[in-house]
Amino acid sequence: MPAEHPPAARGGADRLVAFAVLAFAAGVYALTYRFDDVPAALMSGLDAALFPRLVLATLAVLALLLAFGIGSPPAERPRRLPRRAWVTAGILMGFMAAVELIGMWPSSLALLIGLGRLWGERSWWKLAASAGGLVAALYLLFVRFLGGTFPRGALGMLIWP
Amino acid sequence: METLLAGMAILADPKIMGLVVAGTLLGIVVGALPGISGSTTTALLLPLTVMMSPVQAIAFLGSIYCAANFGGSITAILINTPGDPSACATAFDGYPMAARGEAGRALGMSAIASAIGGIFSVFVLIVAAPMLARAAYSFGPPEYFALTVFGLSMVAAIGGDSQIKNLISACLGVLLATVGLDLTTGVERFTFGVYALSDGVEFIPVLIGLFAVSELLEQAAQRGGAVESFRLTAVKLPSLADFRKCAKAIVLSSGIGTFIGALPALGATTAAMICYNETKRWSKHKHEFGKGAIEGVAGPEAANNAAVGGAMVPTLALGIPGSATTAIILAGLIVQGVRPGPHLFNEQPTLLYTVFGSMLAANLLYLVIGLGAAKLFARLALVPPAFLWPAVFVLSVVGAYAPNQSIADVWVVLIFGAVGFLFRRFGFSPAPMIMGLVLGKLTEETLKQSLLIFDHDWSLFLGRPMVVVLFLITAAGLAAPPLARAWRAMTVRYRPELGIKD
């Protein structure tokens, strides 16, 4: 069972989030000054920056309310991420690289087997059969039936020109 | 009646009927998978509608919406893991029923109560939506602006338990809606020179990332314990005595659920929770609740499905989503070039008939399918996470890539998956962000049009009675919860019998 954090620590997590939101709002606000200028005569309605600035100002006010704990119960400090979460995120990023290299379908097959193994399935047979079945079904639906084309990857193009 | 018959006539088209059956089946199957909510189901299956006509798409989405809600209750009853947050209350009594070998009875009652609640709400939708649309027909841009602000303020009530965080999430969604070419001035905003962003952020990859991929990462972050489940040895259906016992709960919850669903941003989960309490309050068997009372299954199930039809009322009549899932459906319709609102009732009545007909048919279908195949669907709840979540990711990637055949969309899925995961970790809900993204463009457009009408004089907003009423309701809705909390804190502080010193 995770240890209870004292209220001050819990409020601290919210303050951190509030300052991150404030910094984000300030950064995006600065970006609105880089919008192209429009001649006043052509500006029939509003300046393109006005609405985003209104939203950002609202965001800043809400972040300040959060920082001072108004209208929001103090949040629990997030627990540390287990190794499995980091490895899962790494596999997802690896998947994107694999798509560029070997294409969408082989990468999907590898991901289904690799992630399934990481998440605790020990039977290679079950993993391979379910992964193969799903990839085949999606291939049939999206490529054969709906006529879509999916990335084949640099290696994929060399092997199956 | 005419509307209903027109809706039924559309179902005579075998293609539409096929899509309704497919939508219902997919909705139950995906909705029954543990951890995949109705909104995630709809987001995952949304890419399939891109290749359809608007009528086909709305028939498909309407059926998924109805069926996914029912599918969520299967896991709530069998493994005490609600497939959808709206089925949380169902688990309170459904799981104890399953534990004592009455899973079939609980599933049967769930199917019947869901169907009755769902059908009741569709009839309310048929009557109320055109009336609301007629009332809204006289609305101009200022009224619409006030209405969108009201809709956005109501997001404070959904998702996480922090009003401020929900509003921050909604603001980020609105900000996201400003990305791309500003149609009034032709100025590019936040595109960073990326051509693909000129048309704005695509809805589908954002939805899939925020709901499906962030849920996958959340599942990876949980130090999961083994889920206890009960196998169905026989599907014993509820008896006539059960129906007599539950009739009051079903009628009461259908009415309350429809009403709550129709309020913007208050969805099926709130309806189910309130109706569980109301069912218990009016029951003669209060002591059975929490230990496996069949009324405790019937009440929330009727309510959460009634809320589905209710949530479609503001979505179709005003273009303001009534829940996270209707926000996704609204996004799907916008992708199809259809913008719901009062004009839809005059300009594209066929679409509305399709919604009515498909939702009615889906409710009847899942009753038949749910009762007939409860045993089979129960097995779905036992799919191990090691097979389920990798499959969800592959479906997400393929679904996001397929509509535009763009790898950039897959990156958007991953980026918003990470954003959604961070949101959840810090107590934010992704649902308000979707509401903001869907309503953002409308809010900006109507604000600009209003200011043109008012010659840039903001004070003229206050000269429109409906705008003033909507602004007052918005302010009251935002101020009420903190004021109520402050009042409670004050009254507690001054109660010496609680031993609390001032």
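Predicted model: local features only at pLDDT ≥ 70, side-chain atom pairs only at ≥ 80, totals over all residues.
Where does B:H456 lie in chain B?

Residues are numbered from 1 along each chain as its sequence is written, chains are lettered from A and ligands numbered from 1 in the order in which they are written, and side-chain values use heavy atoms, with hydrogens and water left out.

Let me begin with the interface. In chain B, 63 residues are in contact with 69 residues of chain A, where contact means heavy atoms within 4.5 Å. The two chains bury about 5,700 Å² between them, and carbon and sulfur atoms give 80% of that area. Buried area here is the accessible area, taken with a 1.4 Å probe, that two parts lose on being put together, summed over both. Of the area that chain B buries against chain A, 11% is supplied by B:I164, B:F387 and B:R425, more than any other three residues.

How many salt bridges are counted between chain B and chain A? The count is one. A salt bridge is a side-chain nitrogen of Lys or Arg within 4 Å of a carboxyl oxygen of Asp or Glu. The partners are A:D14 and B:K165, whose closest N and O atoms are 2.8 Å apart.

On the chain B side, the elements giving two or more residues include α8 (163–177), α9 (203–221), α17 (385–404) and α18 (407–425). Helices (H or I, at least four residues) and strands (E, at least two) are DSSP runs, numbered from the N terminus. The element that gives the most is α17(B), with 13 residues. By residue type, this side of chain B divides into 41 nonpolar, 11 polar and 11 charged. In that division Ala, Val, Leu, Ile, Met, Phe, Trp, Tyr, Cys and Pro count as nonpolar, Asp, Glu, Lys and Arg as charged, and the others, Gly among them, as polar.

Buried means under 20% relative accessible area, exposed over 50%, and partly exposed in between (1.4 Å probe, protein chains only). Leaving aside residues up to four places away in sequence, B:F393 touches A:L92, A:F95, A:L111, B:V213, B:L216 and B:L414.

Within helix α12 (residues 295–318) of chain B one finds B:G309, which is buried at a relative accessible area of 0%. With residues up to four places away in sequence not counted, B:G309 touches B:S121, B:L125 and B:M359.

The whole structure holds 10 salt bridges over all chains. In one of them, B:E215 and B:R424 bring their closest N and O atoms to 2.7 Å. Because B:E215 lies in helix α9 and B:R424 in helix α18 of chain B, this pair ties together parts that are 209 residues apart in sequence. B:E215 is buried at 12% relative accessible area, whereas B:R424 is partly exposed at 24%. B:R281 and B:E278 form another salt bridge, with 2.7 Å between the closest N and O atoms; these two residues are three apart in helix α11 of chain B, and so about one helical turn separates them. A network of salt bridges links B:D182, B:R189, B:E444 and B:K448.

Finally, the backbone, and the opening question. B:H456 lies in the loop between α19 and α20 (465–493) of chain B. Its phi is near 65 degrees, a positive value in a residue other than glycine, and B:H456 is partly exposed, with a relative accessible area of 38%. Phi of B:F190 is likewise positive, near 50 degrees. B:F190 is placed in the loop between β2 and α9 of chain B and counts as buried, at 8% relative accessibility.
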